[in-house]
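Student: I am new to this structure and would like to learn how to read its features. Could we go through a few together?

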Amino acid sequence: MVKDLSVDLCGIRLRNPVVPASGTFGFGLELAGDMDLNVLGGISLKGTTREARYGNPTPRIAECDGGMINSVGLQNPGIDVLVGEKVPALRKVYDGCVIANISGFSLDEYVECCAKADACEGIDLIEVNVSCPNVHNGGMAFGTSAASAAEVTAAVKAVCRKPVFLKLSPNVTDIVSIARACEDAGADGLTLVNTFLGMRIDIARRKPVIANKMGGFSGRAIFPVALRMVYQVAHACRIPVMGCGGVATARDVVEMMMAGATAVQVGAENLRNPFACPEIVNELPALMEELGINTLQEIIGTV
């Protein structure tokens, strides 16, 4: 029997649930010459701010057992380049779901950038990053408070017609309360989780490995914690969830979906293996056959 990998995300049909996470796949164009992007269910584009940003000083990457720490600091060309150049170029080679990932340093910046993304014909869904641990006074300041996250949600929803997902931080004591606050403020969906705050020290130099001292810890090591948070939020909220955090295999995708995720983002694994996403998509039908699954939509939230 032919397996149906498609899922419905806020009325948008994804050919499969596999989505490269923001910051790990560039703007999609970087790999267009090496793979068929149209095998992907969606692409979450590199995080974008109002003004162009160079990012944090180097070094800003540190290896860890089971993962990595990054402190890139939202390096990006700015919202006008995203909507005027990057998205139109991507649309020439990709017809799936395009997700704009928006970060900000103020409520006004979130509103302005999201309004521009909403007006861009090639963008299908807006992912609002209130969870970046790599910039001072940035998005995570909004995402660690239920009231602040709700304020951003309501302000962005007031200027957007397209579905709005809030990307949440795991660096909180109660992610469910923040998720519910976003839902009550009008969020159409939630993405979780972003990276954990981590650190490495060079013991020979007696200094932090990363110039910024700390950064976002991601990779396979965080999968069980991310899965737990997806499960908690998916069962506490009525809006769809995109699961993210340590996903590296087709089995991880199925686990995330059984925990309640409608779509599943692959992050750090793309940096280790740029072909991780198409490989996962290719592995899904055989795994579905092994598990007696005919359609992926039917397993969402079955645990």
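Student: Over which ring does the charged end of Arg60 sit?

Tutor: Let me first say that this is a predicted model. The charged end of Arg60 sits over the ring of Tyr54, at 5.8 Å from the centre of that ring.

Student: How many aromatic pairs are there?

Tutor: A pair of aromatic rings is described by how far apart the centres are and by the angle of the planes. In this model the count comes to one aromatic pair. Its members are Tyr110 and Phe142: the ring centres are 5.4 Å apart and the planes stand at 90 degrees, so the pair is edge-to-face. An angle over 60 degrees is what counts as edge-to-face.

Student: Which parts of the chain does the pair of Tyr110 and Phe142 tie together?

Tutor: Tyr110 belongs to helix 2 (residues 107–119) and Phe142 to helix 3 (residues 140–143), so the pair links parts that are 32 residues apart in sequence. Tyr110 and Phe142 are both buried.

Student: Now a single residue, please. Is Thr48 buried or exposed?

Tutor: Thr48 has 1% relative accessibility and so counts as buried, since the cut-off for buried is under 20%. You will find Thr48 in the loop between strand 4 (42–44) and strand 5 (61–64). Leaving aside residues up to four places away in sequence, Thr48 touches several others, among them Phe27, Asn76, Leu82 and Ser103.

Student: What else is in the loop between strand 4 and strand 5?

Tutor: Pro59 lies in that loop. As a general idea, most peptide bonds are trans. Here a cis peptide bond joins Thr58 and Pro59, with omega at about 0 degrees. Another cis peptide bond joins Leu192 and Val193, where omega is about 15 degrees. Val193 is in the loop between strand 10 (189–192) and strand 11 (196–198).

Student: Which residues have a positive phi although they are not glycine?

Tutor: Most residues other than glycine have a negative phi. Cys10 has a positive phi of about 55 degrees, and Arg206 also has a positive phi of about 55 degrees. Cys10 is in the loop between strand 1 (7–9) and strand 2 (12–14), while Arg206 is in the loop between strand 12 (201–202) and strand 13 (207–208). With a relative accessible area of 31%, Cys10 is partly exposed; Arg206, at 75%, is exposed.

Student: How many disulfides does a search of the whole structure find?

Tutor: The search finds zero disulfides. Take Cys160: the nearest cysteine sulfur is that of Cys114, 5.0 Å away, and Cys160 is in no disulfide. For a disulfide, the two sulfur atoms would have to be within 2.5 Å. Cys160 counts as buried at 8% relative accessibility, and Cys64 counts as buried at 17%.

Technical notes
Residues numbered from 1 in each chain as written. Predicted model: local features only at pLDDT ≥ 70, side-chain atom pairs only at ≥ 80, totals over all residues. Heavy atoms only, no water. Phe/Tyr/Trp six-rings, centres within 6.5 Å; stacked < 30°, edge-to-face > 60°. Helix = DSSP H or I, 4+ residues; strand = E, 2+ residues; numbered from the N terminus. Buried < 20%, exposed > 50% of the residue type's maximum accessible area, 1.4 Å probe, protein only. Lys NZ or Arg CZ within 6 Å of the ring centre and 35° of its normal. Contact = heavy atoms within 4.5 Å.
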